Amino acid sequence: MPVPPGHHGNLTPEQEKKLQELWAATLKVFGVVEPTELTDAPVTKLESRATDLDGKDKKKSKRRLGVFKRHGDKKDSSNGSTTPSKDNADDDKYGQVKEFQEILATQDPELLRRTFWSMVKADHPDALLLRFLRARKWDVDKALVMLISTMRWRSQEQHVDDDVVLRGEGGALEDSSSSDPAVKREGVDFLTQLRLGKSFLHGTDKEGRPICFVRVRLHRGGEQTEKSLERYTVYVIETARLALRPPVETACILFDMSHFTMANMDYTPVKFMIKIFEANYPESLGAVLVHKAPWLFQGIWKIIRGWLDPVVAGKVHFTSDVSDLEKFIPKSQIIKELEGDEDWEYKYVEPIPGENDAMKEEGPRKQFEAQRETTVEEYQKKTFEWIACGASGSSEKIKQERDGLATKLHENYWQLDKYVRARTYYDRTGMISPDGKINFYPPPPGTGENQNLVPTSQAPAVETHADDVD
């Protein structure tokens, strides 16, 4: 499958230059100092890193490190020449420019840096930055605003890596037995959605994109708390990210609207989903299929469409029967619940006692984390070299070295994974293997290859059929 334009491995010279600009800006915000700028008195406050660089030698200014001007500067932002401000935020739908300014003034750069590398996981770091550049039409300033705002959202608002991913299903199971009513409610709500199969990942479409099925009829407003709905949504997205393999970088979401009634309509989670896909998970949607939407959904869609970015809205397709779905998914890979040929049903497999015991092993975790940090530092250093080279002949060698370090980071993540991520239904059923390999069509739990993954005596299956809820 060819690499799409604007993705890692298929960049124009101008796009590569924009990527270099964004790396320079991002590393500056993270407090990572270019090796040639190191002194005996390292700067420790973010404000001093955002000051005017005009006093430094002209050679360095040309290396596109001039993104960080004082907030009062009014120079053109299209080439990354200023710190983003409200003056150049013509499409700041979620108020991220103001948030960015607050982050510059208040946030610990090291926390932002750690959050970024935690989000990278097994991805190529360039691929992550390119998502933000494409989402902001290659405007470096706007991409930087979006990226840094996302880092704060992950670390301080949603606690993606240190809570949602870290504790996962096993943590929810523990919470469901808590003596604290509020904690217990969140745990029960989270597990209820998993057991029902309100949404699940299974198979791929014709473009090789993982499919996320959302059975809308299983949702009723007020049955789960807003917090548990948000946590569940982020959990599903983060799990889907682990299933992406280049050159496939997007997913297909299929909203099954069969048996939909107004009791299933809930605008709050819809707004949350729209916001995070547009603001925090850019360039993650390949296609959105709305299947068997009844006539009463027409008025609702007019409202929802008004909230969507036009680019996202253009990815929405309405399908009414299996022949429509076949335009996107081979019939052999459409599940029988949707009148396809694949004999597969979602059956939730409960967490297995002891499946997260590796997370208690500090020694191996610290070892792999130390190895990762060493590789990250090498990657950052090599990135400065790549930026300094520009389009010179030596840049190809440096790019190969950076790609080699990115491969090391990928391999390291899957060594570290079991120490920092709670096991999921997809680990237990064999879709995600311990070494990171993905099998979108694993054999049924308890048979063949998966017998060692899912001991049936310890992991009872909870089955939900299509007709359980009308």
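Welcome to a predicted model. Its protein chain has 17 helices and seven strands. Of the chain's 470 residues, 54% count as buried.

**Where helix H4 meets helix H7**

- Two packed helices are described by the angle between their axes and the distance between the axes.
- Helix H4 covers residues 96–106 and helix H7 covers residues 140–157; their axes come within 9 Å and cross at roughly 70 degrees.
- Angles of 65 to 115 degrees count as roughly perpendicular, so H4 is roughly perpendicular to H7.
- The crossing of these two helices, H4 and H7, is left-handed.
- On the H4 side, the contact is made by Gln96, Val97, Glu99, Phe100, Glu102, Ile103 and Thr106.
- On the H7 side, the contact is made by Leu144, Val145, Met146, Ile148, Ser149, Arg152 and Glu157.
- Sorted by class, the contact of H4 with H7 has seven nonpolar, three polar and four charged residues.

**A look at Met146**

- You can find Met146 in helix H7, where it takes part in the contact with H4.
- Met146 has a relative accessible area of 0%; because buried means under 20%, Met146 is buried.
- Leaving aside neighbours within four places in sequence, Met146 is in contact with Gln96, Phe132, Ala135, Arg136, Glu278, Ala279 and Pro282.
- One of these partners, Gln96, is also among the H4 residues that make the contact with H7.
- Another partner, Glu278, is 132 residues from Met146 in sequence, yet their C-alpha atoms are 9.7 Å apart in space.

**The cysteines Cys212 and Cys252**

- How many disulfides does a search of the whole structure find? The search finds zero.
- For Cys212, the closest cysteine sulfur is in Cys252, at 9.2 Å. A disulfide needs the sulfur atoms within 2.5 Å, so the sulfur of Cys252 is too far for a bond.

Note on methods: Residues are numbered from 1 along each chain as its sequence is written. This is a predicted model: local features need pLDDT of at least 70, side-chain atom pairs count only at pLDDT 80 or more; totals for chains, interfaces and linings use all residues. Side-chain values use heavy atoms; hydrogens and water are left out. Axes are lines fitted to C-alpha atoms, for helices over the stretch in contact, and angles run from 0 to 180 degrees between N-to-C directions. Helices (H or I, at least four residues) and strands (E, at least two) are DSSP runs, numbered from the N terminus. Angles under 35 degrees count as roughly parallel, over 145 as roughly antiparallel, 65 to 115 as roughly perpendicular and the rest as oblique. A crossing is left-handed if the near helix is turned anticlockwise from the far one by less than a right angle, and right-handed if clockwise. Contact means heavy atoms within 4.5 Å. Ala, Val, Leu, Ile, Met, Phe, Trp, Tyr, Cys and Pro count as nonpolar, Asp, Glu, Lys and Arg as charged, and the others, Gly among them, as polar. Buried means under 20% relative accessible area, exposed over 50%, partly exposed in between (1.4 Å probe, protein chains only).
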